[in-house]
Protein chains: 4
Amino acid sequence: LRDLYPGGPNLALIAPGEAPMGDVDVVFLCLPHAAAAATAVEALEAGARVIDLSADFRIRDAGTYEAWYGGTHPAPALLDEAVYGLTEHAGDALEGARLVANPGCYATSVLLPTLPLLAAGAVALEQAIIADSKSGISGAGRKPQLHTHFVEANEGFSAYAVGRAHRHHPEMLQEMRLRGGSGVDLIFSPHLLPVERGILSTLYLPLAEGWTYRQARATLLAAYEDAPFVEVLPEGELASLAHVQRSNRSAIGLTDAGRTLIITSALDNLVKGAAGQALQNMNRMYRLDETLGLGDTKHG
Amino acid sequence: LRDLYPGGPNLALIAPGEAPMGDVDVVFLCLPHAAAAATAVEALEAGARVIDLSADFRIRDAGTYEAWYGGTHPAPALLDEAVYGLTEHAGDALEGARLVANPGCYATSVLLPTLPLLAAGAVALEQAIIADSKSGISGAGRKPQLHTHFVEANEGFSAYAVGRAHRHHPEMLQEMRLRGGSGVDLIFSPHLLPVERGILSTLYLPLAEGWTYRQARATLLAAYEDAPFVEVLPEGELASLAHVQRSNRSAIGLTDAGRTLIITSALDNLVKGAAGQALQNMNRMYRLDETLGLGDTKHG
Amino acid sequence: LRDLYPGGPNLALIAPGEAPMGDVDVVFLCLPHAAAAATAVEALEAGARVIDLSADFRIRDAGTYEAWYGGTHPAPALLDEAVYGLTEHAGDALEGARLVANPGCYATSVLLPTLPLLAAGAVALEQAIIADSKSGISGAGRKPQLHTHFVEANEGFSAYAVGRAHRHHPEMLQEMRLRGGSGVDLIFSPHLLPVERGILSTLYLPLAEGWTYRQARATLLAAYEDAPFVEVLPEGELASLAHVQRSNRSAIGLTDAGRTLIITSALDNLVKGAAGQALQNMNRMYRLDETLGLGDTKHG
Amino acid sequence: LRDLYPGGPNLALIAPGEAPMGDVDVVFLCLPHAAAAATAVEALEAGARVIDLSADFRIRDAGTYEAWYGGTHPAPALLDEAVYGLTEHAGDALEGARLVANPGCYATSVLLPTLPLLAAGAVALEQAIIADSKSGISGAGRKPQLHTHFVEANEGFSAYAVGRAHRHHPEMLQEMRLRGGSGVDLIFSPHLLPVERGILSTLYLPLAEGWTYRQARATLLAAYEDAPFVEVLPEGELASLAHVQRSNRSAIGLTDAGRTLIITSALDNLVKGAAGQALQNMNRMYRLDETLGLGDTKHG
């Protein structure tokens, strides 16, 4: 490990094929899609429980998965069993789950503030929800590529896969429609931000008739009152990367723009958007305190 | 000058009060608002022509100006004469103009792609246009402030004054309504981006009934066919800061998202968003070649 | 606190004058020089112990202090009592100390690898030791200044106060001469590095006659064998900011360059270079485990 | 070209093998070592003149080259003919040269301030010259690698190949000894700096007996009085990246540190350290004005 991270402890690393699946309680998978599902099957057969950070079990419909990721789904029989691990919205399904699909980082930042509003009927379905998201460069992975080269990324800023073209789109739409019905539409514009870590999503939600900014705010406050890591910010405060970097917290700011509700939603893509949420899910799977090993919760 | 910019020539600088207004043809004002208008009056009285980079002459209605900037407008009598210097849309008014109001950097990035569409009736008025803009930190000025301190800004990203709360909002709405009518509405969300220079605005325009992505694209291509600095990018290409940094060019990318047109619009806030456009305006005021002194034009 | 650091807990802050000095055991002073000494006197009189992070008690000679910092030393009577808190070299003096002068960040990075070698006679005195140091921008303080403005600092790199002109120079020379004798000379070249945090000092030490690279390495390994936060890196490994950022650790790499020993010495200027070392000193003052509250120690 | 640099003109690129060597006057080679020499032979045989930006013709001794770069030198017969293209020191050899070896970026920053002093006998040979150099990340090339990944490089700073271990070391030592004799020694410590472009070398030169700071300064001022791109800075001013970025200029600052002369030497590794110096050499090869196509010269 120390060769990769000079500041870390000198742990020996082993290849995935050498992992003693039968000797552990739970396996965290950070593998490319398809490879993840195949390894998950092995781990489950060896008696371990699995938290998968790939996309393999996030999309419930194998056909949709195959349309976005290509090939044939490696383990369609597991799709029904897999629990979508957006912790605050997974409910009791996490307890005792054998297989958890840890959500994407963009998806977590977009879904946390929108699902409670969709479930409550606060969003007008005539227009698409717009999610304008900006992600730090660790979101693009550690493999060296030209667009993540320092000289390309630094002083740069660009959009990519805007509209309905990004692989996290079907995952978000699926979860949104589970709460808000099949009429929900989403436009999602990811951007590559020259920082190491953090996602800020700026969301534009058309309020449903009869709904006001104040009611929407009350809905979100109630939804996350007891959530240790999701904070609806005080009135007038916008979410920023500084709220969440290096923590498992998510910060949500709400702005009244008349018939449009503007939401700023921030999290650290490497923590609440990945490893932190995975650990939070493990805590829930084992009925442990949800906050164990995760550092600061939101501040009262 | 060299004390401020070690790489520049060693020009002596003089205080505004010592400027020999009567000896020059044209004065470029980069002063705080209110101070700019007062100095513009002096310069005009001395026989010079004025290109003002402050907000003082951008907003045609003195009451609106005062509501956003406070105080009493220092020279309301000049408001009618001032030409709004969004070069590509100022038409013949620039030629011979005595006083030009150089547009704001955000405003230039938002107005260039939207004005031709509004003028053509391509935008549905039932919904607000959404402009999600991200600006490099030079946009916040050179005066040291806590939020522009390296340690605060670097690795940071935040929204501010979202909705209809930023001072460039009335300027943009004014110009939009001049083309698209009083029904036009705008939601504008500026963000502070940890790069030195460049603005990328991601715009969401609801298409009017009967309008398609393809028609909107044709409208913009036609509008800027002969504009040396405004480029509508090839199909599928999104605008990025890399297209425009250190040039007077503006890059506009169009994405078909069904009933919503997504536009990415990029410029360098210090060039096309400020000094470059000022020079472009001067060229037009004096019936010179519009591109003089401005480096690369768009590439054919 | 939360207004300053959105991610932190919402602690109320009080003005220095309102601090209940008589109710606390120990006071950490992060005040400008001169103000620090005056407040230290108050705190000591109120019965508290003091860890001062300013320069006021680092320089043992009031005349030298006054030559570098101007004015008259505010509390010269305390200079004899103050313990120079380079923890690993303060010995038993820390235990029970009433007043500790926490070293400067540059000084800590330069002194940790050089003091054991000077004490052992490993350094030739005919030439100056050269310390070429590079510090992240938090080292320049949080007060907004032009040279710490993002647009000035980003993409920038510059030296300042090179030679014997920086205020940390007398502090370093004092400690070096205490170990190596009055013949020790030091050239110190600080540089401003466009990162938030971290110092890397590259040191060039002429080896004394009879001394080899290998002996010098053995001397440093022995000196820090039991130091929980100071790590002499494995052969061939150079110290970098990645070794130490966000930790109280110091990393020291040694390179054999014949008669010159090249040392790379890294620490986090905000932790081992400031607050972390202060806490480490407090632990020692109260005979607590030296590592309490300080996170990871060096890895075995 | 535009696929690589969105802001550039849309030039078609061709593979090296398709280059019409016989149809051009001069060929600039930016190829890996060994490949460069082989292509140089082809170009020369086709009648073109060659400016090679690789290391292949910088080192005069084939054995030394092979020790550092491996393999067998691909064209040792050309080594005698090749002119080392440190423009200001190549003298008349450039005029009419068929083959120019463009110096390395680090080498240019170190040699410009040291060669005149070595030639004048100003440097004591008992000690090594120390060059502590810091280079922006474009110096590591455009090929994606882990250590140039944004997330690794940003907020990072590290030394590498310190002492006498870097491939530019033999090139520098060769040129230094040509002026100062075989007794010259050099310690060179390169560092990777988290900026796009620019090198700052901080040099420590022991003055020879009888030499003073003032004489050394006079020597350098005289050496570069007529050099359009090399500026010896005013007394008290240190060189910084801001002096030279995006220009072909080199800035040299001198600091009196007693028997040690501290020199700060800055250039842009992509311009004076590479393409700019190549163009400057071409101008000289064809007896053109040396400054053609190179933008600002130093300011009077």
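R164(C) is partly exposed in this predicted model, at 35% relative accessibility; the term covers the range between buried, under 20% relative accessible area, and exposed, over 50%, with a 1.4 Å probe and protein chains only. Its partner is D185(C), and the two form a salt bridge whose closest N and O atoms are 2.9 Å apart. A salt bridge here is a side-chain nitrogen of Lys or Arg within 4 Å of a carboxyl oxygen of Asp or Glu. This pair links distant parts of the chain, 21 residues apart: D185(C) is in the loop between α6 (168-180) and β7 of chain C, and R164(C) in the loop between β6 (158-159) and α6 of chain C. D185(C) is also partly exposed, at 24% relative accessibility. Helices (H or I, at least four residues) and strands (E, at least two) are DSSP runs, numbered from the N terminus.

Before I continue, a word on conventions. This is a predicted model, in which local features need pLDDT of at least 70 and side-chain atom pairs count only at pLDDT 80 or more, while totals for chains, interfaces and linings use all residues. Residues are numbered from 1 along each chain as its sequence is written, chains are lettered from A and ligands numbered from 1 in the order in which they are written, and side-chain values use heavy atoms, with hydrogens and water left out.

How many salt bridges does the structure hold over all chains? There are 56. One of them joins R98(A) to E81(A), with the closest N and O atoms 2.8 Å apart. R98(A) lies in the loop between α3 (87-90) and β4 (99-101) of chain A, and E81(A) in the loop between α2 (62-69) and β3 (83-84) of chain A, so the pair ties together parts that are 17 residues apart in sequence. In chain B, R217(B) and E235(B) form a salt bridge at 3.4 Å between the closest N and O atoms. Here R217(B) is buried, with a relative accessible area of 8%, whereas E235(B) is partly exposed at 44%.

Let us turn to the interface of chains A and B. In contact, meaning heavy atoms within 4.5 Å, are 35 residues of chain A and 36 residues of chain B. The two chains bury about 2,600 Å² between them, 64% of it on carbon and sulfur atoms; buried area is the accessible area (1.4 Å probe) that two parts lose on being put together, summed over both. E155(A), F157(A) and Y204(A) supply 24% of the area that chain A buries against chain B, more than any other three residues. Two salt bridges are counted between these chains. K134(B) forms a salt bridge with D132(A), at 3.0 Å between the closest N and O atoms, and D132(A), K134(A), D132(B) and K134(B) are linked in a network of salt bridges.

Finally, the aromatic rings. Rings of Phe, Tyr and Trp (its six-membered ring) pair if their centres lie within 6.5 Å; planes under 30 degrees apart count as stacked, over 60 as edge-to-face and the rest as tilted. The whole structure has ten aromatic pairs over all chains. Among them, F150(B) and F150(C) are stacked, 5.7 Å centre to centre and with 15° between the planes. This pair crosses between chains, from helix α5 (residues 150-153) of chain B to helix α5 (residues 150-153) of chain C. Is F150(B) buried or exposed? F150(B) is buried, at 0% relative accessibility, and F150(C) is buried at 0%.
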